[in-house]
Amino acid sequence: MIRVLVVDDQELVRAGFEALIEVDDGVEVVGSAANGADAVELARASTPDVVLMDIRMPVMDGLEATAAILSTVPDTKILILTTFDLDEYVFGALRAGASGFLLKDTPPTQLLAGIRIVAAGEALLAPSVTRQLIESYVRRPAPSAPPPAALDVLTERETEVLGLVAGGLSNDEIGARLFVSPATVKTHIGRLLMKLHCRDRAQLVVTAYETGLVTARVRD
């Protein structure tokens, strides 16, 4: 059973997500919060598998709450919910350790599937939206961004795989591009996570851009 904490400052939205989750036999709601501060306390008390996290809230926003939760409950996966498909805060949440994001108007079946994806340890990154997001905001790197030398620990093939991950390709697509099996791709990604000290696939994407391995395309 996947245990979910729902966080949103709008009561009707929270109730809607809770009702949707409760009808699924494999997922249950272990709590709900109207702001990030309450979410942090509830996460520490209930240790949910997944937190559905609104990004814009009073008291404490989703960015700060994501970092606070992961600092004390590191195995919890954060799935960001946003109204906007291009939101500066979402990139900040990925930096803080979120495993992905969904739009609030995502169809119910996709939301439930998204919960399962991040609970299983995968990143939920819609390639088209994620590319726009990163390309728009990576030009403002955080002071703590890892230096390009951080990639020196990678083999040539691992560097190649990292670039394809940053391009939004799935394991199957990467395997087809490199003429290797998806299992081999998964092994490479596991080594990337270990060598670059990344939490998940989402963090690999951020690292690839921040180190300059992948160059953001400037949009007019």
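Helix α8 is followed by F179, whose phi is positive, near 60°. Helices here are DSSP runs (H or I, at least four residues), and strands are E runs of at least two, numbered from the N terminus. This is a predicted model: local features need pLDDT of at least 70, side-chain atom pairs count only at pLDDT 80 or more, and totals for chains, interfaces and linings use all residues. Residues are numbered from 1 along each chain as its sequence is written, and side-chain values use heavy atoms, without hydrogens and water.

**Helix α8**
- Helix α8 spans residues 171-178, and its buried residues are N171, I174, G175 and L178.
- Buried means under 20% relative accessible area, exposed over 50%, partly exposed in between (1.4 Å probe, protein chains only).
- The buried residues fall within an arc of 100° seen down the axis, so they line one face. The arc is that of the directions from the helix axis to the C-beta atoms.
- D172 and A176 are exposed on the other side of α8.
- The cover over the buried residues includes α7, α9 (182-195) and α10. Contact means heavy atoms within 4.5 Å.

**α7 against α10**
- L162, V165 and A166 of α7 meet R201, L204, V205, A208 and Y209 of α10.

**Nonpolar cores**
- A nonpolar core is a set of buried Ala, Val, Leu, Ile, Met, Phe, Trp, Tyr and Cys residues joined through side-chain atoms within 4.5 Å.
- The largest has 26 residues; V7, V51, M53, I69, I78 and I80 touch the most other members.
- Helix α3 gives the most to this core, with four residues.
- Apart from it lies another core of 20 residues, among them L162, L164, V165 and L169.
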